[in-house]
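Reader: Can you walk me through this one? I'd like the overall layout, then the aromatic side chains.

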Amino acid sequence: ELSKKIGDRKMDASYHRHDVNDKVWELLEPHLPGQRGQWGGIAQDNRRFINAVFWVLRTGVPWRDLPPDYGKWGSVHQRFIRFYFLIIFIDLYKSS
């Protein structure tokens, strides 16, 4: 089938064809923030967030052009900025 169903919405496969597959997701998931038992809030959907970030990075479009299936662009962008700075601070900590 050419579309995925998430909740009550169907997503067009044309821009989801490069989304993270199950095998890659199994490798990424344990390393992402926002999981139960970790400091901070619990992420609603880490996989959707990762797919959104990869879509923006792959296409080179502005965050405002993020397809709505990936979430609200402002929320995804803000989360990306926090995630990016978390990585920077972890790297700084490890190098000290």
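Predicted model: local features only at pLDDT ≥ 70, side-chain atom pairs only at ≥ 80, totals over all residues.

Reader: Fine. Which secondary structure elements does the protein have, and in what order do they run?

Author: The protein has three helices and two strands. From the N terminus on, the order is β-β-α-α-α.

Reader: And how much of the protein is buried?

Author: Buried residues account for 24% of the 96 residues.

Reader: On to the aromatics. How many aromatic pairs are there?

Author: The count comes to five aromatic pairs. One of them joins Phe 49 and Phe 83, with ring centres 6.0 Å apart and planes at 80°; that angle is over 60 degrees, so the pair is edge-to-face.

Reader: Where do Phe 49 and Phe 83 sit in the chain?

Author: Phe 49 is in helix α2, residues 46–59, and Phe 83 is in helix α3.

Reader: Is Phe 49 buried or exposed?

Author: Phe 49 is buried, because its relative accessible area of 4% falls under the 20% cut-off.

Reader: What lies over the face of Phe 49?

Author: Arg 79 does, at 4.2 Å from the ring centre.

Reader: Back to pairs. What is the geometry between Phe 80 and Tyr 84?

Author: Phe 80 and Tyr 84 are stacked, 6.2 Å centre to centre with 25° between the planes. They are four residues apart in helix α3, so about one helical turn separates them.

Reader: Which aromatic cluster includes Phe 80 and Tyr 84?

Author: The one formed by Trp 63, Phe 80, Tyr 84 and Phe 85.

Reader: What about the surface: which residues form the nonpolar patch?

Author: Ile 81, Tyr 84, Phe 85, Phe 89 and Leu 92 form it, with about 510 Å² of accessible area together. Tyr 84 and Phe 85 are therefore members of the patch and also belong to the aromatic cluster.

Reader: How accessible are Tyr 84 and Phe 85?

Author: Tyr 84 is partly exposed at 45% relative accessibility. Phe 85, found in helix α3 (residues 73–95), is partly exposed too, with a relative accessible area of 40%.

Reader: Change of topic. Where does Asp 19 lie?

Author: Asp 19 is in the loop between β2 (9–12) and α1 (22–28). Asp 19 is buried, with a relative accessible area of 12%.

Reader: What does the side chain of Asp 19 contact?

Author: The side chain of Asp 19 makes a polar contact with the side chain of Tyr 70, at 2.7 Å.

Definitions and conventions: Residues numbered from 1 in each chain as written. Heavy atoms only, no water. Patch = residues over 30% accessible without salt bridge, like charges linked within 9 Å, V, L, I, M, F, W, Y side chains within 5 Å. Areas by Shrake-Rupley, 256 points an atom, 1.4 Å probe, with all protein chains shown as cover. Salt bridge = Lys/Arg side-chain N within 4 Å of Asp/Glu carboxyl O. Buried < 20%, exposed > 50% of the residue type's maximum accessible area, 1.4 Å probe, protein only. Phe/Tyr/Trp six-rings, centres within 6.5 Å; stacked < 30°, edge-to-face > 60°. Lys NZ or Arg CZ within 6 Å of the ring centre and 35° of its normal. Polar contact = N/O pair within 3.5 Å; in protein donor to acceptor, adjacent residues only side chain to side chain.
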